[in-house]
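Hi everyone, thanks for coming.

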Amino acid sequence: MGFKNIVVVGAAGMLGQELVTHFRGKGYSVFPTTSETLNLLVTEDEMTEKLEPFQPEVVIQCAAFTNVDACERDPDMAMAINKDGTHKLGLASQKLGAVFAYISTDYVFDGLKSEPYLPEDRPNPINTYGLSKYYGELLTTEQLEAYYIIRTSWLFGIHRNNFAQWILDQARQGKAVKAAEDWVGTPTWTGNLAVAIENIINSGQFGVHHAADAGAISRYEQAIRICQMAGLSTEGIHRVHSSDLGLPANRPQFTPLACPNLAVPSWETGFQAYFTQYQQQSTVL
Ligand SMILES: NC(=O)c1ccc[n+]([C@@H]2O[C@H](COP(=O)([O-])OP(=O)(O)OC[C@H]3O[C@@H](n4cnc5c(N)ncnc54)[C@H](OP(=O)(O)O)[C@@H]3O)[C@@H](O)[C@H]2O)c1
């Protein structure tokens, strides 16, 4: 461990909570911030003031306006948070001498490739969320010296609602769901991603990285596999084309991420670990 003090921005989110637990467990000094304590809509100077007492050596930026359809409906807010908020936070981190680790997304790609995307492939976002995240990447690249851009995809984890949890909840209640057969990507467990992020931010290899579990699967196939692995009926899962879902934002159709130089477990392994936690949580509730 070459550094100790980590600020996790967006620490109340699905990934943020996982990162706080992970890095604390590894003995780092972790300072979580939320939209209440460090909002991305404030000025760069205010951000610097909020960060300074933590003496951050690394700032992990996982706060974002992540609802893809809501971003499409409110592009100004998407840009204010994902682009401008990331930009200001990056500059504030740099001012304090901290390395900036920006969590980005497979949605920066257009999905037209037929093989997994490499970190050096050219982004070409097709929706507002993807564009706002890509601008965050561009400003990071252009204006910062010490940064990691870490793209990930299709997250599931215990700390917030997500596709895997939704499928499990619906199937357990015997409800029908529609799942798109024409969106293919890489599901990624936040527990595996936390390990990958730790490896990347300790690598000293500044620049763009991909961190996702191994595998490429459609949302429909993922829903089926989730139910099979959980011992639930797959009867209620209906295969649809994404256009039948009537969503405001287009999604890229094929965005599996290739993760060179990173040993990544399969998403199914991640699912088994997640499912154990999901069952414990369901029992407690
Ligand atoms: N989820 C995925 O499938 C996925 C895939 C690829 C990449 N990513 C990226 O991974 C990162 C983490 O995603 P996630 O799924 O963990 O997101 P999440 O659960 O939606 O959490 C995002 C966090 O950002 C915070 N936030 C929103 N607006 C803010 C603002 N104005 N100021 C400060 N904080 C604000 C939210 O705070 P509140 O709790 O107060 O609302 C929330 O805690 C994001 O950068 C996302 O773009 C996610």
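This is a predicted model: local features need pLDDT of at least 70, side-chain atom pairs count only at pLDDT 80 or more; totals for chains, interfaces and linings use all residues.

Residues are numbered from 1 along each chain as its sequence is written.

Helices here (H or I, at least four residues) and strands (E, at least two) are DSSP runs, numbered from the N terminus. Take α1, residues 14-25.

Which residues of α1 are buried? They are Leu15, Gly16, Gln17, Glu18, Leu19, Val20, His22 and Phe23. Buried means that 20 or more other C-beta atoms, placed from the backbone, lie within 10 Å of the residue's own. These buried residues pack against β1, β2, β3, β4, β6 and α7. Just after α1, Gly27 has a positive phi of about 90 degrees.

Now the pairs. Two packed helices are described by the angle between their axes and the distance between the axes. Axes are lines fitted to C-alpha atoms, for helices over the stretch in contact, and angles run from 0 to 180 degrees between N-to-C directions.

The axes of α1 and α7 come within 9 Å and cross at roughly 60 degrees. That makes the two helices oblique to each other; angles under 35 degrees count as roughly parallel, over 145 as roughly antiparallel, 65 to 115 as roughly perpendicular and the rest as oblique. On the α1 side, Met14, Leu15, Glu18, Leu19 and His22 meet Thr190, Gly191, Leu193, Ala194, Ile197 and Glu198 of α7, contact meaning C-beta atoms, placed from the backbone, within 7 Å.

Next, α2 (residues 44-51) and α4 (residues 75-95): their axes come within 9 Å and cross at roughly 50 degrees, and this pair is therefore oblique too. Here Glu44, Met47, Thr48 and Leu51 of α2 meet Lys88, Leu89, Leu91, Ala92, Ser93 and Lys95 of α4.

And how are α4 and α5 oriented to each other? They pack at about 20 degrees, with axes 9 Å apart, and are therefore roughly parallel. Among the residues making this contact are Pro75, Ala78 and Met79 of α4 and Thr128, Tyr129 and Ser132 of α5.

Conventions
A residue is buried if 20 or more other C-beta atoms lie within 10 Å of its own, exposed if 12 or fewer, and partly exposed in between; C-beta atoms are placed from the backbone. Two residues are in contact if their C-beta atoms, placed from the backbone, lie within 7 Å.
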